Amino acid sequence: MPNVTINGSPVTAGDGCTILEAARSAHIDIPTLCWYPKLPIVGNCRICLVSVAGNDQLMAACATPLSEGMVVETESSDAVKARREVLSLLLERYPTDRLAGNSDRSENEFEEYVARYGVRPRPEKERDLKLRAGDERDGDPMIRHDMSLCILCTRCVRACEDIQVVGVLDVAYRGERAQIIVGNDGDPDKAACTWCGECVRVCPTGAIFEVLPRERFGEHRFTAESPARSVCPYCGVGCQIDLHAKNNTIIRVTSPSFDEVTPNDGSTCVKGRFGYDFTSHEDRLTTPLIRKGWEKRSGKWVWEGKSGLERRGGPWQSIEAEAIQPKPKAPPRAQGKRLRDLSILERSAAQIANRATTPKDWYEPFREATWDEALELTAQELQRIWKKSGPDSLAVFQSAKCTNEDNYLLQRLFRAGFGTNNIDHCTRLCHSTSVSAMGAALNTAAASGSMREVEHAADVIFVAGANTTESHPVFGAALKRAHVRGAKLIVADPRWTELAKRADVHLQMQPGTDVALFNGMLNHIFARGLEDRDFIEQRTHGIEKVRQAVAPYTLEKTATLTGIAEHLISEAAEIYASGPNTSTLWAMGLTQHLKGHDMVSSLLNLILATGMIGRWGAAMMPIRGQNNVQGASDMGAIPFVYPDYQPVTETANREKFARVWGVEAESLSLKPGLKVTEVVREDSPVRGLFIMGENPIISDPDIAHAEAWFHTIDFLAVQDLFLTETARYADVVLAGASFAEKTGTYVNTERRIQLSEQAVDPPGEARADWEILVELSNRCGLKTEFDSPESIMDEVSRVAPSWTGVSYGRLSGGGLQYPVPNRDHPGTSYLFAESFPTKDGRASFQPAQYSDPDELPDDEFPFIMNTGRQLYHWHTGTMTRRSQGLDAIEPIATMEIHPDDAVALGLADGDLAKLTSRRNSIIISVRISDRVARKQVFVPFHYREAAANLLTSPVLEPHAKMPELKISAVKIESVPAS
């Protein structure tokens, strides 16, 4: 570690550091333009030149390594003179009307340097070079280029290539005509741009800029007050972002600097950077709603409205009926905050302009209500049903989008206030089979490792059933960077995704044959003696049962079952077992199957037999889908455990939580509750349901059946941001707060607890969710005295052993990865270094056998339909389809179909097709793509007007009650253009 002197102060820096890195570590500012953290050093702008004692020439601080005893002066007269000359040259083609003349008003990084060093541009008529052309792409929905501001530092080009590993930007032409281009013809869509905004982030002049703030708010600079640090509201990566607000509206999202330790290292995806404007969409609920027909008589609410099927009806079509209607071309979007002054019930059809908004007639069955009315009615009916029919008659669907504090309060209310464990959330439909399989094998349900270790330390990365670059784009970019540095990449996926195209081995199996594949790989590993015998002997049970179970899966048999060539199976197995550090990632491509539990079990057998767990670089990671699905589970939003996975069946746990919650132990149930998919069955005992931030009428399998069930219940309360497809059936709708409008914590896919700060107030009379739940709990008779989210977290830390050391004061910056057993513990970056959380510290092998999916294609239904996410939308589309840029890029539902199948059916890109399963039909647009194999189609589940889950099967996996969402037999028919 060389000792150097910079500007007269001693500085100690690590081996291999440059002058610039050492100065930054000592908080000494050296200007840079071409240099940027995480980018390769090019040293071409020369603005970071500094004087070094003993050298006649100035040295580039970004490219000069330190040496012992070096004496550096960053602001010497020679260095300042050189900077002024560089800035003068760069100003030759920079527009003079942009220069404010002082650093307090400078609009970007480059102008700040110009002002700092007192450089004045020559008048345009005296310049040798002409100004470049300005904005040439008026139609782009999120990002535009103004080449008149470009200084050709090439940060954007290198960020696109080296950080996002996309590489769609380049420098075109030469000399004074040189400029940055997108692809060959300037069309970002053709160039496969992902609109991640990394170029916007790194540009020092604003030549590449975000469209929305300028169009909606007239903003170009960051004129907001200090931004609030938040956590992205979309996937489970848990990217930290900064929210800039003005006039109580989010006007821009930026990301933390690379100097801070965050899951995203400052990067974002298109949704995280540009998908924030849903928070100010005209559809936002600004006041509670009560269904017309509820009247208050003699101090009590009574229903005097319609009965039967019309009880919860309205002047709308069902999702089933809407799915087979012709799809008219959507009129222009009507976005913006200008409608906030109108009552929700006064908004006209002209203002509610397209299918991405809430249709006006959805509001007709409701009236606006006061909070006192809405909460009084909700408390009355929950208590009435509970007293009449008992605890089993109530249930709650909690939210993977709400904070840990919100979820803790809601399960606390239903457990302590009503004595029911009928508590669940969307994990039932994503990773519940991972939870059941991991519980059986390891007695845990969380990822063992961290995303950064996969990027920097894994020698082999095995991705099974996860389209990471679209579903978790920031993590997907990290996987691409790992592959570029030399990590081997194996991808098991029926689709030819981006990672599959990059993979060293792509295992393109027939859908649903994952158990056969993993068993075949493990059998080959045993045959070659590649298993980790020491790990097996010292840290596991049951290896012989697994040896016997996989023995029939020869390479030949596995190839026959999966459709994968034998040499690819053997190659993947050998690479996986040889590591030396193999990280294993999976997502819903494995879990959403009738045999999802067995698929994950067979993958865990592969992990355990090779010892690829419990050390840095060998991560086991079920990639979580929503921003807080891990945290909601941690908070007990599942029917068989209290917070921190403490079983509800154990009396000691019951007594502990009863004591903290101030209730009698006997009032807490020892019986596991119903799961989401069991609540909506015809034989369900549930008569009253409370839903927070979920939309099951779009996300549940066999939607028509689920929608029919909602007609039958006695009382439904929904707490949400919008009048969703589910909320339109509610008796009471409670107007909640978005992620930007409340403080709280979230847990990402690597067990990292992060604090999100409130940036703006909820619109109108909407309230933070935790505030609603505190008042509702007290109205229901459960004493609840929390006065802030922080006070709720204090109670969580008392009841959850893995969270004992967690406090708001410790969560600033990068947060903490649990377990955090005490207030001095730094958090746990990876698990199972010495033992597993089982009684004897050993993991158990769980034999699994392949069997066919429940539903196979036949002559009538010859195609297999797969469902999943798209890059530009998320979950049921409630938020992303109300984001101007995201919805502009992907405005309609499309079905991916192989080119040969499209030809055989007479279909072209953009045609309408009728897609029919054994349950229902939808009409959807065609997108011809070789990403799917022959006789397979892919349908996204974000669109209510082409709801994929109308077609999916309600059959449930026996362990976790997961529906088989990934395989449905379908037929395809062309729809005439007329």
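**Entry 1: aromatic rings**

I count rings of Phe, Tyr and Trp (its six-membered ring) as a pair if their centres lie within 6.5 Å; planes under 30 degrees apart are stacked, over 60 edge-to-face, and the rest tilted. With that rule I found one aromatic cluster formed by Y234, F278, F739 and W874.

I note that this is a predicted model, where local features need pLDDT of at least 70, side-chain atom pairs count only at pLDDT 80 or more, and totals for chains, interfaces and linings use all residues. Residues are numbered from 1 along each chain as its sequence is written, and side-chain values use heavy atoms, with hydrogens and water left out.

My count of aromatic pairs came to 21. I looked up Y234 and F278: their ring centres are 6.4 Å apart and their planes stand at 65°, so I logged the pair as edge-to-face. Y234 is in the loop between β10 (228–231) and β11 (240–246), and F278 is in the loop between α7 (270–274) and β13 (289–291), so the pair ties together parts 44 residues apart in sequence. My helices (H or I, at least four residues) and strands (E, at least two) are DSSP runs, numbered from the N terminus. Y234 and F278 are both buried. I use buried for under 20% relative accessible area, exposed for over 50%, and partly exposed in between (1.4 Å probe, protein chains only).

Next I checked F462 and F518. Their ring centres are 6.1 Å apart and the planes are at 90°, so this pair is edge-to-face. F462 is in strand β19 (residues 460–464) and F518 is in helix α16 (residues 514–527), 56 residues apart. Both F462 and F518 are buried.

**Entry 2: charges over rings**

I logged a charge over a ring when NZ of Lys or CZ of Arg is within 6 Å of the ring centre and within 35 degrees of the ring normal. R495 has its charged end over the ring of F938, 3.6 Å from the centre. K501 lies over the face of W496, 4.9 Å from the ring centre.

**Entry 3: strand β27**

How many residues of β27 are buried? I found five of five, across residues 688–692. On one side G688, F690 and M692 are buried, and on the other L689 and I691 are buried, which leaves both faces covered.

I call two strands paired if DSSP finds at least two bridges between them. β27 pairs with β17 (residues 394–397) in the parallel sense over four bridges. There, A395 has L689 as its bridge partner. β27 also pairs with β28 in the parallel sense, over five bridges. G688 is opposite F715 in that strand.

**Entry 4: nonpolar cores**

A nonpolar core here is a set of buried Ala, Val, Leu, Ile, Met, Phe, Trp, Tyr and Cys residues joined through side-chain atoms within 4.5 Å. The largest core has 116 residues, and F414, F690, W803 and L915 have the most contacts inside it. I looked up the contacts of F414 (heavy atoms within 4.5 Å), leaving aside neighbours within four places in sequence; they include L394, A395, V396 and F690. A second, separate core has 93 residues, among them V80, I180, A587 and L886.

L721 is in the loop between β28 (715–720) and β29 (732–735). Its relative accessible area is 11%, so I wrote it down as buried. Beyond its neighbours within four places in sequence, L721 contacts residues including F278, R284 and G736.

T540 is in strand β22 (residues 540–541). T540 is buried, at 5% relative accessibility. A polar atom of its side chain lies 2.6 Å from the backbone oxygen of I536. Residues up to four places away aside, T540 touches F535, L608, R842, A843 and F845.

S633 is in helix α23 (residues 629–634). Is S633 buried or exposed? S633 is buried, at 4% relative accessibility. Its side chain reaches the backbone oxygen of V629 at 3.1 Å. I count N or O atoms within 3.5 Å as a polar contact; within protein, one must be able to donate a hydrogen and the other to accept it, and residues adjacent in sequence count only if both atoms are side-chain atoms.

**Entry 5: an open sheet**

What is the strand order of the open sheet of five strands? I read β2-β1-β5-β3-β4, with mixed pairing. β2 (9–12) and β4 (59–60) are at the edges with a single partner strand each, so one side of each has no neighbour in the sheet. β1 (residues 3–6) and β5 (residues 71–73) run parallel, joined by two bridges. I6 has V72 as its bridge partner in β5.
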